[in-house]
Structures are given as C-alpha cells and as structure tokens.
Amino acid sequence: MTEKRIVAILCGTAAASLLFMAGYFSFTKPKDEGLALLTMTLPPESTAVSEDTVPAASGDVVVDLNKATLEELCTLPGVGEATAKKIIAYREENDGFLVLEELMNVSGIGEKKFEALKELITVEP
C-alpha cells in the first residue's frame, strides 16, 4: 500500500530529480497560483530506502554498494533492475566491494557511468 503526502522540496536539486525520476513524485502547478506542489508517493515498507543510505553533503543520497538493496541501487542514475542485479551478484561472488573503482568490474558499468556514480556511492565493510 502506498501513501500520498504533500511535501516541500527544493526543486532542481539532484535529490529531487532522482526521486522524481524514480517515480516517487508527481508534479502539479495550479494555474491560478505561483506555487508548485510535489505529491510524494511513499513506497511500501519493503521497498523503502534503508538506513544503509546516508545523505551526502550535496544533499544527494549515498548508496553503500556492500549493503544496498535492489531498490536502492535502482535509485542511482543509469542503474536499472538488470544492472542492479549484476551489482548484487558481483558483491555476493566477491565478498563485497573493497574500493569504489571495483564497480567497473560489473558488466555494463564503464568509466563514463562510474564517473557519474562515484559521488553517489560508497563502500563500507
């Protein structure tokens, strides 16, 4: 079951963009008012972002590659379900990630995608 709430969030931030692209927000702007409203649809508890994600200084969420769920990995830009499954498989086969750059060993993650992700990910034991 999902729950809808009206929330205030700074539009144009990377975090807002990621949440919008992930489908958590719908955007409405009444014609007679200057304010835009974002309606946030909260996911069921089983798919909610866990405590293993932490806010970065930039306001983005940093995802721990060694602990992230499939759903959390899918919040990363350019990472869909297939790539997230490959990340999890690599993590399980190699007893986790030791350094961020190891992500490039996952099929489908090249230098370009890694550069786009490196500020949004971490690896903790």
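Predicted model: local features only at pLDDT ≥ 70, side-chain atom pairs only at ≥ 80, totals over all residues.
Let me start with Phe 114, which is buried, with a relative accessible area of 4%, where buried stands for under 20% relative accessible area, exposed for over 50%, and partly exposed for what lies in between, with a 1.4 Å probe and protein chains only. Leaving out residues up to four places away in sequence, Phe 114 touches Leu 100, Glu 101, Leu 103, Met 104, Ile 109 and Ile 121, a contact being heavy atoms within 4.5 Å.

Residues are numbered from 1 along each chain as its sequence is written, and side-chain values use heavy atoms, with hydrogens and water left out.

As for the chain as a whole, there are four helices and six strands, and read along the sequence they follow the pattern β-α-β-β-β-β-α-α-α-β. Of the 125 residues, 31% count as buried. Among contacts between residues at least 6 apart in sequence, 42% join residues at least 24 apart. The chain exposes about 8,000 Å², of which carbon and sulfur atoms supply 57%; these areas come from the Shrake-Rupley method with a 1.4 Å probe, and for residues only the protein chains shown count as cover.

Now to helix α3, residues 81-93, whose 13 residues should span 18 Å at 1.5 Å a residue, and whose end C-alpha atoms are 18 Å apart, which agrees; the expected span is 1.5 Å times one less than the number of residues. The buried residues of α3 are Thr 83, Ala 84, Ile 87, Ile 88, Tyr 90 and Arg 91. They cover an arc of only 160° around the axis, so they sit on the same side of α3, the arc being that of the directions from the helix axis to the C-beta atoms. In general, an α-helix has 3.6 residues a turn, so residues three or four places apart point the same way. On the other side of α3, Ala 82, Glu 92 and Glu 93 are exposed.

What do the buried residues of α3 pack against? They pack against α2, residues 70-74. Glu 81, which lies in helix α3, is partly exposed, with a relative accessible area of 46%, and it touches Leu 70 and Cys 74, again not counting residues up to four places away in sequence. Glu 81 and Leu 70 are 11 residues apart in sequence and 7.1 Å apart in space, C-alpha to C-alpha.

Turning to the nonpolar core, meaning a set of buried Ala, Val, Leu, Ile, Met, Phe, Trp, Tyr and Cys residues joined through side-chain atoms within 4.5 Å, the largest has 19 residues, and those with the most contacts inside it are Leu 65, Leu 73, Leu 76, Ile 87, Phe 97 and Leu 103. The elements that give two or more residues to this core are α3 and α4, the latter being residues 111-117, and the largest share, four residues, comes from α3. Leu 73 touches Val 63, Leu 65, Ala 68, Val 79, Ala 84, Ile 87 and Ile 88, not counting residues up to four places away in sequence.

On aromatic pairs, rings of Phe, Tyr and Trp (its six-membered ring) pair if their centres lie within 6.5 Å, with planes under 30 degrees apart counted as stacked, over 60 as edge-to-face and the rest as tilted. By this rule the count comes to one aromatic pair. The rings of Tyr 90 and Phe 97 have their centres 5.1 Å apart and their planes at 35°, so the pair is tilted. Tyr 90 counts as buried at 14% relative accessibility, and Phe 97 counts as buried at 3%.

I will finish with the loop between α3 and α4, where Asp 95 lies. Asp 95 has a positive phi of about 55° although it is not a glycine, and it is exposed, with a relative accessible area of 75%. Glu 101 lies in that loop too and is partly exposed, with a relative accessible area of 45%.
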